[in-house]
Amino acid sequence: MVDLKRIERIGTDALRVHWADGHESLYTWSVLRAACPCAMCRDLKEKPPPALPLEIQPVGRYAVAIRWDDGHATGIFSFDYLRSLCACEACRPTEMDEG
Ligand SMILES: [Zn+2]
Ligand SMILES: [Zn+2]
């Protein structure tokens, strides 16, 4: 399991996560809000509108919960899930397969 070292807010529109293995991930809030893993959001046919986080709370040692300014607070992002959302070049699945 991946471990999270530090969470850092970048201005008003992004979140940077420092992982224990040295990796860094940058997420915009709109991406995180749209990726909310709770049952309610998964059932939505359309993505929820972008929102800003009011609070980020650790959940045990495996996840963070985000409370949004649209009143939503049931989404719990496990570290594994959060890491899987990383869109950096190293994490992005490569379409091109040489060879
Ligand atoms: Zn949700
Ligand atoms: Zn990455």
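How many helices and strands does the chain have? I looked this up before anything else. The chain has three helices and six strands. I note that the model is predicted.

**Entry: order of elements**

I read the elements along the sequence. The pattern is β-β-β-α-α-β-β-β-α.

**Entry: overall dimensions**

I checked the radius of gyration next. The chain has 14 Å; a compact globule of 99 residues would have a value near 13 Å, so the two agree. The C-alpha trace spans about 50 × 30 × 25 Å along its principal axes. I then looked at burial. Of the 99 residues, 14% count as buried. Residues 24 or more positions apart account for 29% of them.

I traced the open sheet with the order 1-2-3. Its three strands pair in the antiparallel sense. Strand 1 (4-10) and strand 3 (24-28) are the edge strands, and each pairs on one side only. From one strand to the next, the twist averages 20°.

I went through the pairs. Strand 1 and strand 2 are joined by six bridges and run antiparallel. They form a hairpin, with three residues between them. Gly11 sits in that turn and has a positive phi of about 55°. Strand 2 covers residues 14-19 and pairs with strand 3 over five bridges, again antiparallel.

**Entry: Val17**

Which residues does Val17 face in the neighbouring strands? I found Ile7 opposite Val17 on one pairing. In strand 3, Ser25 is the bridge partner of Val17. I then listed the contacts of Val17, leaving aside neighbours within four places in sequence. They are Leu4, Ile7, Glu24, Ser25 and Leu82.

I turned to the open sheet with the order 4-5-6. It has three strands with antiparallel pairing. The edge strands are strand 4 (53-59) and strand 6 (76-78), each pairing on one side only. The twist here averages 25° from one strand to the next. Three bridges join strand 5 to strand 6, and these strands run antiparallel. I picked out one facing pair: Val64 stands opposite Phe77 in strand 6.

**Entry: nonpolar core**

Which residues make up the largest nonpolar core? I counted 11 residues: Leu4, Leu15, Val17, Tyr27, Trp29, Leu32, Val64, Ile66, Trp68, Phe77 and Leu82. Strand 2, helix 1 (29-34) and strand 5 (63-68) are the elements that give two or more residues to this core. Strand 5 has the largest share, with three residues. Val17 and Leu82 are both in this core, and they are also in contact with each other. The facing residues Val64 and Phe77 are core members too.

**Entry: Ala35**

Where is Ala35 placed? I found Ala35 in the loop between helix 1 and helix 2 (39-43). Ala35 counts as partly exposed because it has 17 C-beta neighbours inside 10 Å, while a buried residue needs 20 or more. I also looked at Lys47, 12 residues from Ala35 along the chain. The C-alpha atoms of Ala35 and Lys47 are separated by 8.3 Å.

Note on methods
Residues are numbered from 1 along each chain as its sequence is written. Chains are lettered from A and ligands numbered from 1 in the order in which they are written. This is a predicted model: local features need pLDDT of at least 70, side-chain atom pairs count only at pLDDT 80 or more; totals for chains, interfaces and linings use all residues. Two strands pair if DSSP finds at least two bridges between them. Helices (H or I, at least four residues) and strands (E, at least two) are DSSP runs, numbered from the N terminus. Axes are lines fitted to C-alpha atoms, for helices over the stretch in contact, and angles run from 0 to 180 degrees between N-to-C directions. The radius of gyration is taken over C-alpha atoms; the globule rule is 2.2 Å times the number of residues to the power 0.38. A residue is buried if 20 or more other C-beta atoms lie within 10 Å of its own, exposed if 12 or fewer, and partly exposed in between; C-beta atoms are placed from the backbone. Two residues are in contact if their C-beta atoms, placed from the backbone, lie within 7 Å. A nonpolar core is a set of buried Ala, Val, Leu, Ile, Met, Phe, Trp, Tyr and Cys residues joined through C-beta atoms within 7 Å.
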